[in-house]
Amino acid sequence: MYYLIKESLEECTIEEIKYSGSQYVALLTSEEWNKYRESFEMGIDMELDLSNIHNTKADVNYDSLTGTFCIPNRKNFYEEHKFAFALDEKGIVFIDDSGTAQKMVNAVRRTKKWRLPSLERFMYDFLEQIIRGDMKLMEQYDRQLDEMEYAILNEDADIASMKVNDIRSDIRDIKIHYEQLMDFAQTLEENENSFFKPENIRYFRLFANKIERLRDTSASVRDYTMQIRDLYKAQLDIKQNKIMTILTVVTTIFMPLTLIVGWYGMNFKYMPELDKPMAYPVIIVLSVLIVVFSLIFFKKKKWL
């Protein structure tokens, strides 16, 4: 697909790109790129392996700017959308076999109209599609962590099923992506090859500022996950301490009773009270009094 950058993106043919004089956007598959790349006169011989893309970056060449996008799927961070691009002062070509770039360009075409159309403004709107909805995603993670904190403090038995570590892993991945996007925006802003108009460089600076705010927000959410994890561990320690306290109390109560049992279980002939009729009831009452006294004592000490 080919588009001219005018008041909005206008679909055109490859011949119109050559002779219209307007800046353009082209979307090609890797096979189409290998077939038609000479038509764009960018002076690059770019051999593509779209499966070997691992990050988002921009590389400055002698008479072109090339690079790749590796965008985490916000619904499943184990998946990534990968495609490449090449641009000069005349326009930009996206090389994509997955259709991701086409969806993003369609969104720009559907929602944007420009009073002062330019390649820089299109790039800004295209890059915004990458981070669209990310602030809501951060707010969603923050709400989930609030719920987890409430559940931990209320000793919810289902806390083990909550995904603190999964959220932390997602935030780590997206934070790395933001850092790559910041480097990407800074490369565009440097404008080493003078492909962009100086008055339009502000679009890339504006995008970099947005990414910086998102990165700071993601860092705060990641710190929150650490706090939740520490709180969970602290609650587990408290539960274990309570269990140990109960076991200690029970052991302490039964120590004198065990002594009595051991003593009277020896059956010596001249053991005191062995031939007394009231000895057995007295021992029972004594054992009960020991238990009651121990419970009252531990209660006053707030060990129970």
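At what angle do helix H6 and helix H7 pack? Select residues 164–190 for H6 and residues 202–264 for H7. This is a predicted model. In it, the two helices pack at an angle of about 160°, and their axes lie 9 Å apart. Angles over 145 degrees count as roughly antiparallel, so H6 is roughly antiparallel to H7. The crossing of H6 past H7 is left-handed.

Now colour the residues of this contact by type. The contact of H6 with H7 has 18 nonpolar residues, ten charged and three polar.

Next, go to the loop between H6 and H7 and pick Asn200. Is Asn200 buried or exposed? Its relative accessibility is 10%. Buried means under 20%, so Asn200 counts as buried. Show what surrounds Asn200: beyond its neighbours within four places in sequence, Asn200 is in contact with Ser118 and Glu120.

Move on to the largest nonpolar core, a set of 56 residues. Select Val25, Phe69, Phe94 and Phe122, the residues with the most contacts inside this core. Which helix gives the most to this core? H6 does, with ten residues.

Last stop: a second, separate core of 18 residues. Select Ile17, Tyr24, Leu28 and Trp33, which are among its members.

Terms used:
Residues are numbered from 1 along each chain as its sequence is written. This is a predicted model: local features need pLDDT of at least 70, side-chain atom pairs count only at pLDDT 80 or more; totals for chains, interfaces and linings use all residues. Side-chain values use heavy atoms; hydrogens and water are left out. Axes are lines fitted to C-alpha atoms, for helices over the stretch in contact, and angles run from 0 to 180 degrees between N-to-C directions. Helices (H or I, at least four residues) and strands (E, at least two) are DSSP runs, numbered from the N terminus. Angles under 35 degrees count as roughly parallel, over 145 as roughly antiparallel, 65 to 115 as roughly perpendicular and the rest as oblique. A crossing is left-handed if the near helix is turned anticlockwise from the far one by less than a right angle, and right-handed if clockwise. Ala, Val, Leu, Ile, Met, Phe, Trp, Tyr, Cys and Pro count as nonpolar, Asp, Glu, Lys and Arg as charged, and the others, Gly among them, as polar. A nonpolar core is a set of buried Ala, Val, Leu, Ile, Met, Phe, Trp, Tyr and Cys residues joined through side-chain atoms within 4.5 Å. Buried means under 20% relative accessible area, exposed over 50%, partly exposed in between (1.4 Å probe, protein chains only). Contact means heavy atoms within 4.5 Å.
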